[in-house]
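The sequence and structure come first, and the description follows.

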Amino acid sequence: MGVFTDPVTQSYIEWTITQLVAQQEQYEEYDSYYDSHPASGYATAAFKNHFGDEFDDFDANICKPVVDAFSDRLTIVKFDSEAQTDLPETIWKYNHLDELSNVVHTETTKKGDGYIIVWPDKQKQPRFWYADPEDVRMHYSAEDPIFGKDYASKRWQIVMPGNK
């Protein structure tokens, strides 16, 4: 039984969790390849029969250099506002967007998806956070599945006081 008494809300939450879990396995595989730990099994049975375990320690996975070479070339061309102020530069520095953009570019290139959440902090300043796609799901419009974004959902893990 769910936490919500409204069956539509409960159904939506369960569906969203199912979508996130389905994507998580794929993202974990991408992480594994990037970290040079590809799943074994790409060698055929004939290859295994002929060579046995002679090449088990051989790792020809070059995913990380390819991802890094591409993501290192990505740059943000413009971060601006219609207001004639130094606000964009202030926001950029406040959020350390030089560093954050490097993380976002690498993770998005590696996983194929990447998200930034912008939310006001305690000082009411816009704060930018990288949101791992393992915890975020974009929901696209049925009428325009390429550009029509209806909404996004994000999963948070909350540790209740007293729980470990």
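Glu107 is buried, and so is Lys111; buried means under 20% relative accessible area, with exposed over 50% and partly exposed in between (1.4 Å probe, protein chains only). The model is predicted, so local features need pLDDT of at least 70 and side-chain atom pairs count only at pLDDT 80 or more, while totals for chains, interfaces and linings use all residues. Residues are numbered from 1 along each chain as its sequence is written, and side-chain values use heavy atoms, leaving out hydrogens and water.

A salt bridge here is a side-chain nitrogen of Lys or Arg within 4 Å of a carboxyl oxygen of Asp or Glu. The count by this rule is 10 salt bridges. The table gives some of them.

| Pair | N to O distance |
|---|---|
| Asp31 and Lys110 | 2.9 Å |
| Asp31 and Lys111 | 3.6 Å |
| Glu107 and Lys111 | 3.8 Å |

Asp31 sits in helix H1 (residues 7–34) and Lys110 in helix H5 (residues 97–111), and this pair links distant parts of the chain, 79 residues apart. Helices (H or I, at least four residues) are DSSP runs, numbered from the N terminus. Both Asp31 and Lys110 are buried.

Lys111 also lies in helix H5, so its pairing with Asp31 of helix H1 ties together parts that are 80 residues apart in sequence. Asp31 and Lys111 are both buried.

Glu107 and Lys111 are 4 residues apart in helix H5, which means that about one helical turn separates them.

Asp31, Glu107, Lys110 and Lys111 belong to a network of salt bridges that also includes Asp132 and Glu134.

Note on methods: Helices (H or I, at least four residues) and strands (E, at least two) are DSSP runs, numbered from the N terminus.
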